[in-house]
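Please consult the sequence and the structure below while reading.

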Amino acid sequence: MTQQQQQTAGGDVRLAGISKTYGSFTAVHPLDLTVPQGSFFALLGASGCGKTTTLRMIAGLEEATTGTVFLGDKDITDLPPYKRPVNTVFQSYALFPHLDITENVAFGLRRRGIKSVKKQVDDMLELVQLGDFARRRPHQLSGGQQQRVAVARALINHPQVLLLDEPLGALDLKLRRQMQLELKRIQTEVGITFVHVTHDQEEAMTMADTVAVMNGGRVEQLGAPADLYENPRTTFVANFLGTSNLIGGEIVSTGEDLVVAAGGGKLALPRERCSASSTTAGGRLLLGIRPEKISLAHADDADGIAAGRNRVTGRITDSSFIGVSTQYVVESPAGTALQVYEQNIERDTRLTPGAEVVLHWNPAHTFGLDATQDIDAGALSVEDAE
């Protein structure tokens, strides 16, 4: 089936007021969500945020407590899973160990009574670049290859939507990164809607056109990966998608730029990058700046910093060399553990723990958030990372 045929046959996935409760526990609060046809859409969040439950309601594997699931104009809420034009790929692959790769991929077609399957299977194995492995058994393949077989087996049924539930979770880091690009290539080639559940921020941002960040059974923010990263609207999104330095301050003047008193100095940010509910003088907000947007200068070189940049003084308490960059932790009146990531192009050997420094950045790279939120929301603890 060509991309154009798929798009003609398909339709948006639309959730209207969908929710799921288990007794007194609400796993997913009433949710309205549209997944555009032909897009790669990610549901991103930590364990227990409701992302897998939402996916399972689309698949029909979980009955919605309230609301409606539409595929295009068709209400599929009451259809059993096998009657829905969707297929699901799980983390466990669920391949048949006694069947070779050809028969694993052909399984869905044979179950529907289709006799002549060779061309379709060959085309699918070509798509996932496993044509030379047709006669092998699953145990003779790597984890990444098994995952591609699972994708081929799902796609051969020409679903309108492919659902992926943490599909790369069992793979090691290097293989996972290869598979991210591979899945994106396959999705672009076949042109059908992929809905992908993951807790891995990098995975969602690498693969998806649109990401819904979920937290506590609700969508916290929805948008393109770059927009979510550059313009988070809550502390949860700012901390969960990458790392953010959040600095509390008081607005001292307003105009095209807001000027905020913080950390013993004044910092500016564009008004349009502030999502705080109040932006009047005297109001409090949290300034956010990503670690890679900050430059680090030794205190002796402070006079060489260009005018008009935001500045914060501090002292390096820790540094970690990680190849492409060095990550610094800085103690400052503006925050106890400000993070700075500097690319290792021309390293200043004076920038070591104990050094007095000036952090400086372009005010345009600063965003503003409502100060009533938990400043640590969404930040991963050691326990979360395990």
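**Pairing in the open sheet**

Strands β6 and β7 pair in the parallel sense over five bridges; two strands count as paired if DSSP finds at least two bridges between them. Helices (H or I, at least four residues) and strands (E, at least two) are DSSP runs, numbered from the N terminus. This is a predicted model, in which local features need pLDDT of at least 70, side-chain atom pairs count only at pLDDT 80 or more, and totals for chains, interfaces and linings use all residues. Residues are numbered from 1 along each chain as its sequence is written, and side-chain values use heavy atoms, with hydrogens and water left out.

Sheet layout
- The open sheet has six strands in the order β6-β7-β8-β3-β9-β10, with mixed pairing.
- At the edges are β6 (86-90) and β10 (218-223), each of which pairs on one side only.

Strand partners
- Within β7, Leu 164 is the bridge partner of Val 89.
- Strands β7 and β8 run parallel and are joined by five bridges; Val 195 in β8 is the bridge partner of Leu 163.
- Strand β3 (residues 40-44) pairs with β9 (residues 210-215) in the parallel sense over four bridges, and Ala 212 in β9 is the bridge partner of Leu 43.

Burial of β7
- Five of the five residues of β7 are buried (under 20% relative accessible area, with exposed over 50% and partly exposed in between; 1.4 Å probe, protein chains only), so this strand is largely enclosed by the rest of the structure.
- Val 161, Leu 163 and Asp 165 cover one side, and Leu 162 and Leu 164 the other.
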